[in-house]
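Hi there,

Here is the structure I promised to pass on to you. Have a look at it first, and then read my notes below with the model open beside you.

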Amino acid sequence: MKTVIYPGSFDPFTNGHLDLIQRACRLFDRVIVAVAVNSGKNPLFTLEERRRLIEESCRSVSGQVEVIATEGLIVNTLKQYNAQALLRGLRAFSDYEYELQMALMNRRLLAGCETIFMTPTLKNSFVSSTLIKEVAFHGGDFSIYVPGPVEKAIRAKFQN
């Protein structure tokens with residue numbers, strides 16, 4: 001069984017993330033979404049909230065998708081789940097520079113660790129979790145950029 005791990009903080013989970021997962025399901029038997037702690041970010045949602053929202057958003061591909069919470073080096077998660085590759089999305093050239101460094105470090109940490117880069121669809125090419133939070137904070141309409149469960153959860157966060 002071919003397995004890919006898609007790591008990220010996913011705070012919040014967007015339609016761009018969902019699109020990559022759906023497309024990865026056509027290439028791999030199993031897609032593991034690894035919701036990670038990022039010490040450099042101040043998350044809107046807890047790790048468990050993010051995991052649950054991704055599960056709800058991925059119901060259409062639930063037979064192929066598993067959502068886990070993870071901490072530490074992603075190569076350890078890759079080994080734990082016997083996955084063949086990591087999946088990363090690239091929206092812009094600036095993403096490539098960072099992601100290339102990460103891919104090379106992961107391969108250095110674990111021989112044979114492959115990273116698969118996928119580009120977004122045109123309609124998701126500029127969407128980022130940071131941008132969604134900013135628009136939501138200022139009362140703008142972000143609903144077309146996130147799955148329904150995520151939209152509801154963001155609105156609830158900003159009502160408080």
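**What I found**

Let's start in the sheet: Ala 85 has Glu 114 of strand E5 as its bridge partner. Please keep in mind that this is a predicted model. Ala 85 belongs to E4, and in that strand it is also the bridge partner of Val 4.

Now zoom out to the strands themselves. E1 and E4 are joined by two bridges in the parallel sense, while E4 and E5, also parallel, are connected by five bridges. Which order do the strands of the open sheet follow? Reading across, you will find E3-E2-E1-E4-E5, five strands with parallel pairing. E3 (65-70) and E5 are the edge strands, and each has a single partner, so one side of each has no neighbour in the sheet. On average, neighbouring strands are turned by 30 degrees against each other, if direction is ignored.

Next, the helices. H4 lies across E4 and E5, and its direction is at about 160 degrees to that of E5. For two helices packed together, the description uses the angle between the axes and the distance between them. H2 (residues 47-57) and H6 (residues 148-159) can be described this way: their axes come within 9 Å and cross at roughly 145 degrees. On the H2 side, the residues that meet H6 are Glu 49, Leu 53, Glu 56 and Ser 57, and their counterparts in H6 are Pro 149, Val 150, Ala 153 and Lys 157. Sorted by class, this contact holds four nonpolar residues, one polar residue and three charged residues.

Strands E1 (3-8), E4 (85-89) and E5 (114-118) each give at least two residues to the lining, and so do helices H1 (15-27), H4 (93-109) and H5 (129-137). Which of the elements gives the most to this lining? That is H4, with nine residues. By class, the lining of the largest pocket has 19 nonpolar, 17 polar and nine charged residues.

The loop between E1 and H1 is worth a visit too. Most residues other than glycine have a negative phi, and most peptide bonds are trans. Phe 10, found in this loop, has a positive phi of about 50 degrees although it is not a glycine. Pro 12 lies in the loop between E1 and H1 as well, and the peptide bond leading from Asp 11 to Pro 12 is cis, with omega near 0 degrees.

Finally, some aromatic rings: the structure contains six aromatic pairs. One of them is Phe 126 with Tyr 145, an edge-to-face pair with 5.7 Å from centre to centre and 75 degrees between the planes. This pair links distant parts of the chain, with its residues 19 apart: Phe 126 sits in the loop between E5 and H5, and Tyr 145 in the loop between H5 and H6.

Enjoy exploring!

Notes:
Residues are numbered from 1 along each chain as its sequence is written. This is a predicted model: local features need pLDDT of at least 70, side-chain atom pairs count only at pLDDT 80 or more; totals for chains, interfaces and linings use all residues. Side-chain values use heavy atoms; hydrogens and water are left out. Helices (H or I, at least four residues) and strands (E, at least two) are DSSP runs, numbered from the N terminus. Ala, Val, Leu, Ile, Met, Phe, Trp, Tyr, Cys and Pro count as nonpolar, Asp, Glu, Lys and Arg as charged, and the others, Gly among them, as polar. Two strands pair if DSSP finds at least two bridges between them. Axes are lines fitted to C-alpha atoms, for helices over the stretch in contact, and angles run from 0 to 180 degrees between N-to-C directions. Contact means heavy atoms within 4.5 Å. Rings of Phe, Tyr and Trp (its six-membered ring) pair if their centres lie within 6.5 Å; planes under 30 degrees apart count as stacked, over 60 as edge-to-face and the rest as tilted.
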